[in-house]
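Open the model in your viewer and keep the sequence beside it. The stops below say what to select and what is there.

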Amino acid sequence: MKHQKNMLCLGLAAVLSLSLLTACSGGNSAATPAPADTTAPTDTAAPADTTAPAGFTTVEEGKLHMSTNAAFPPYEMTTDAGGFEGIDVEVAGAIAEKLGLELVVDDMGFDAALTAVQTGQSDIAMAGITVTEERQEVMDFSESYATGIQVVIVKEDSPIETVDDLANADMIGCQKATTGYIYCSDTPENGGYGEDHVTAYETGAVAVQALVNSQVDAVVIDNEPAKAYVAANPSLKILDTEFAVEDYAIALQKGNTGLLEAVNAAMDELKADGTFQTIVDKYITAE
């Protein structure tokens, strides 16, 4: 079937034996700094010496700015108190602490988060970001910290029973600017379904609501958010067949080699001392 070509191209080897993070939410909201809620996981207290370590600079002295889209549970989301939490948020906070910096979360749309790091308005971007050749041309990436799986959500009584059946869908819903949208909207010759058969939504939640309302026949989205959406909507299910397997990493401005090396070193330490896995286990229960 047409999709097999797509799957072969996307079957990237996992750097970790973790099947967790997923791609990201879409949107174009303006960046806003993390609120001064000292209970939020983002508010990692800076040490007395807030000068960035030698070898790299940050957009704001003593701080590490992370651009993200905080509407992608369990990776980045807002708290009732107005702060931020999630796997990516806590990992970024731990990295910042290793670097002697204070984390600041800048919440915006997914595509805006990528632009912010490209233009040097943020130091890093974390939002379940897939490493692609096109993105590597305009951004640098850390070592992959997880394998992401995209899946397909349909209604319980849907005639779409496998990924191959998506070729028969009248309309597929995706999050704007995500790899899921890129793959699905590509031409049939390239393994996609064509722009006329795909609708882009600002967030995954909006796309799923469109499915509930029968405005689309299926939604292609990342696995962990998919599980949360299906749990909240008993009329929906996730197909057994994976849509795509991808590598996820931290994005940085191209050429910022010093910060890239520092981030990679900090992540290596977080993996070695168990901090990274502890954060993951806090938000994702092993099945």
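**Stop one: a helix**

Select helix α6, residues 204–212: G204, A207, V208, A210 and L211 are buried (under 20% relative accessible area with a 1.4 Å probe, protein chains only). These residues lie on the same side of α6 because they cover an arc of only 155 degrees around the axis, taken from the directions from the helix axis to the C-beta atoms. Helices (H or I, at least four residues) and strands (E, at least two) are DSSP runs, numbered from the N terminus.

This is a predicted model, in which local features need pLDDT of at least 70 and side-chain atom pairs count only at pLDDT 80 or more, while totals for chains, interfaces and linings use all residues. Residues are numbered from 1 along each chain, and side-chain values use heavy atoms, without hydrogens and water.

Next, show what covers the buried residues of α6, including β8 (146–155), β11 (218–222) and α7 (223–232). Just after α6, select S214, which has a positive phi of about 65 degrees.

**Stop two: a buried threonine**

Move to T68 in strand β1 (residues 63–68). T68 counts as buried because its relative accessibility is 0%. Its side chain makes a polar contact (a pair of N or O atoms within 3.5 Å, one able to donate a hydrogen and the other to accept it; residues adjacent in sequence count only if both atoms are side-chain atoms) with the side chain of E76 at 3.3 Å. The T68 side chain also reaches the backbone oxygen of M126 at 2.7 Å.

Methods. Buried < 20%, exposed > 50% of the residue type's maximum accessible area, 1.4 Å probe, protein only. Contact = heavy atoms within 4.5 Å.
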